[in-house]
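The structure comes first, and the description follows.

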Amino acid sequence: MKAAVIVFPGSNCDRDAADALTWVTGRPPAMVWHTSNELPNVDLIVIPGGFTHGDYLRVGAMAATAPIMGEVFRAGIRGVPVLGICNGFQILCETRLLPGALMRNASLNFICREVNLKIETTATPFTRSYPDGALVRLPIAHHDGNFFADEETLNRLEGEGRVVFRYVDKAGKRVPAANPNGSRNNIAGIANAAGNVLGLMPHPERAIDPATGGTDGTALFAGLHEALR
Amino acid sequence: MTGSPQITMEMVRQHGLSDDEYGFVTNTLGREPSLTELGIFSVMWSEHCSYKSSKVWLKTLPTAGPQVICGPGENAGIVDIGDGQCAIFKMESHNHPSYIEPYQGAATGVGGIMRDVFTMGARPVANLNALRFGAPEHPKTRHLVAGVVAGIGGYGNCVGIPTVGGEVGFDAAYNGNILVNAMCVGVASTDKIFYAAASGVGNPVVYVGSKTGRDGIHGATMASAEFDDATDEKRPTVQVGDPFTEKLLLEACLELMEEDAIIGIQDMGAAGLTSSSVEMADKGGVGIALDLDKVPQREIGMTAYEMMLSESQERMLMVLRPGREVDAAAIFEKWGLDFAVIGKTTDTGRLVVHHNGDLKADIPLHALGDGAPEYDRPWVEPKLAQALNIDTVPPPDSLLGALETMMGAPDLASRAWIWSQYDRTIGGDTVSPPGGDAAVVRVHGTAKGLAMSVDVTPRYCFADPREGGKQAVAECWRNITATGALPLALTDCLNFGNPERPQIMGQFAAAVTGMGEAARALAFPVVSGNVSLYNETNGEAILPTPSIGGVGLLTDIAMRCDIALKSDGDTLILIGPDGSHLGCSLYLKIIEGRGDGAPPRVDLHGEKIAGDFIRILIGEGAVNAVHDISDGGLLVAVAEMALAGNIGADIRFTNKEIASFIQAFGEDQGRYVVGVPDGGAHKVLAAARAVGVPVRLLGLAGGTELKVTGEMPISLQGLRDAHQTWLPDYMAGAQA
């Protein structure tokens, strides 16, 4: 699998994403600067977390207008897998590769902690290596992770099985107390209709090492590597 | 000087200079200064920049050791961590700005300390902080906690450096003067360290980063004056931070540092362009000429005075090798940052400033740097607290009841509400996050780890500044030791009141003396630091607060230890003497509402052998949980271990000579609780006796309750609730 990580001014999880990809594929991804007009020929595009352009104006809004994002948009429409983590998810919503928006957390505070998640579908290249209905623990670290979409969009996402990650309690139940940020329907991550574009607020790239944050993110990268080999 | 007004004595006083100091200025120049020059002298001779009251005492601290690559005097201290790598770290205060405007004050404190570290060539890998707020019931406290925490998180999270540790205290002595001490630790290659000294003649002086505005003018002078009721009027002197620009500046500087283009580099912190240019030139023994017309400016019509004194954030000054300007400019352009050649090095030994073609300042650099005033201020021996008469302290109805009250009190309640707002896991190297003794962050791409802790017990320092100074160093050393790491060196942030008062100067002198004794005995030298004086409001000083930030090295993170109990049946053992000392303890404060008594003495010899023994136990894998005993004593330590591991414990106090509540809550120093896997206890007890460390069997881990012989057990869940509710409820406004 050949991967590219898009780097914007203010990206700060780019190295973590690159480390995870290097670890699983054995070769470092291409790091593509936001002003580039060309994407290398890759099997996977990762938009990492961070505070692109300082989150000024609106999270992800300015990054979405970067020259490289036209290429990312076209690749996503073509079916190239695109993974947006945290700020990457916010950017994908701003580009309209994914529906909805990420608003400020309901608590208005930045939140960094581990959350329990249910993997609601394994019918994506990102989740194919997880068992059906798997419960995983991943860290979140964000100020604007409160997923919002109108009722019609929510119904479509739920009906089409495009809610991929959901905040749940330890028993796997979708309860308000398990929702860290006020997201509609406890949504933590969604896919596009074709299933090749995934955005999620939790950080799977920080959960690939038992010494630092568990290993529940490993299967995401390993699954991609197998699918895109 | 062209266009400068006549300097009056009122202007001199507004600039914080004494009559004698002003006389020194006119003697040095051989004439009256211009207004710009007066401003430059004012900030460079401020306590914040010149250390004029503290230097004489700071010189007594030990600063050397085989591990030390660079001691105090540079932007940050440097220690060797092997394999051609080094750790670069420093702590600094941002107290006054944070009281006036908590979000920006704390945020720019974090920004400033990170620049001190990456200006030397290190990538920051961890932030820590030590915070002191007023009494919870004080009307400003909640607002200040919320703002400071949001500011620290807002800045560090955006730059993408994990905030991994710190400490937070509440005391009425900080009602009008909170403390925000920020520490940053970075890692660099030992062959790629950058220093501040300029050199050569005619080399370009380059300005990079944000544009200069009128913000923060006179911040250094403000930080060197007491507060009064008109302090709110000083809000315009607080700087405004932009962590996004800091992130760009970090990446651009590190990218340029890969090239061989930089001779010297210095961040523009307190006193901005003035101190950065003066320090670079003074350290390199050269002169410097600046043309302020070239300075990137955010506002129009700025005067030379304003530009030289602005504390606009996220700026750096560099001296480049001649001919490298174009390559360097390209890097900063890529990152969208300003880059301007604003002057050159000279052989005059003078700071010469031009603006609009006019000469605005011409000052011999020596007078601003090493030649700045230095005072051996009068001081008196601190009045020490009387030893506690233990007969006046009644035992509690129940040890576990007292424990539950203490664990839920502001001094000991969980800080999770605070650190859950800090990104602690970014970078993928945080192996021990907040909540334990020291945070541990892996050195990226290696098996090594840096253990870091920030410590001080201000109530001890107030009661006996010398013992308090010793204790702060010893506790930091102990916390690092409890992870299995070898403590390497420390940075300090010395927060005190007005040094012109002999009582305060006496506190300072005694605390530094105690720190030095402990640092020497524990081979834990001081490599960087900061002094914050004049922490007073309306004549009321804060508690003396010498915050100590330490860094230690774990050669293999797989060998690290944390505080969590691991398994049912593990044996709990006390390493060190039995609890016997309740003076200045949290038990007295929380249960009896008293603050009297002398603080516990620090036996530095006992401290050293107990700590060295702990490190051996961890290295041999003989223990699976270690926690130092500090605030609240032994029973609090056991409770914290139980909560961290979610495993109960059953312990007893077997010393017949000492009342059990004193054994439970005494804050004697140099002690640890260890968890020993089933079957290993005898070996640990024998080994301790062999090296002369006191030990005592406490009991066993297991179950879901905390039990003390002869009392009704309490559930871990109940204890956890008591521990976790206070701070979130307080911040939600549920109680004072």
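## The second largest cavity

The lining of the second largest cavity divides into four nonpolar, two polar and four charged residues. Here Ala, Val, Leu, Ile, Met, Phe, Trp, Tyr, Cys and Pro count as nonpolar, Asp, Glu, Lys and Arg as charged, and the others, Gly among them, as polar. Those lining residues are L574(B), D578(B), G579(B), L634(B), R652(B), F653(B), Q663(B), R671(B), R696(B) and L698(B). The space in this cavity is about 40 Å³.

A cavity is a set of points, on a 1 Å grid over the protein atoms alone, where a 1.4 Å probe fits but cannot get out; lining residues have an atom within 4 Å of a point. Points are joined across faces, edges and corners, and a volume is the space filled by probe spheres set on them.

## Basis of the model

The model is predicted: local features need pLDDT of at least 70 and side-chain atom pairs pLDDT 80 or more, while totals for chains, interfaces and linings use all residues. Residues are numbered from 1 along each chain as its sequence is written, chains are lettered from A and ligands numbered from 1 in the order written, and side-chain values use heavy atoms, without hydrogens and water.

## The largest cavity

Two cavities of 30 Å³ or more are counted. The largest has a volume of about 120 Å³. Its lining holds 18 residues, and G50(A), F51(A), C86(A), A141(A) and H142(A) lie nearest the centre.

In chain A, α3 (87-95) and β7 (135-142) each supply at least two residues of this lining. Helices (H or I, at least four residues) and strands (E, at least two) are DSSP runs, numbered from the N terminus. By class, the lining of the largest cavity has six nonpolar, eight polar and four charged residues.

The axes of α18 (residues 465-481) and α19 (residues 502-521) of chain B come within 7 Å and cross at roughly 40°. Axes are lines fitted to C-alpha atoms, for helices over the stretch in contact (heavy atoms within 4.5 Å), and angles run from 0 to 180 degrees between N-to-C directions. α18(B) and α19(B) are therefore oblique to each other; angles under 35 degrees count as roughly parallel, over 145 as roughly antiparallel, 65 to 115 as roughly perpendicular and the rest as oblique. By class, their contact has seven nonpolar, four polar and three charged residues.

The axes of α15 (residues 399-407) and α22 (residues 634-645) of chain B come within 10 Å and cross at roughly 70°, so α15(B) and α22(B) are roughly perpendicular. L399(B), L400(B), L403(B), M406(B) and M407(B) of α15(B) meet L635(B), V636(B), A639(B), E640(B) and L643(B) of α22(B).

Notes:
On a 1 Å grid over the protein atoms alone, a cavity is a set of points where a 1.4 Å probe fits but cannot get out, and a pocket is an open set with protein on both sides within 12 Å along at least five of seven lines; lining residues have an atom within 4 Å of a point.
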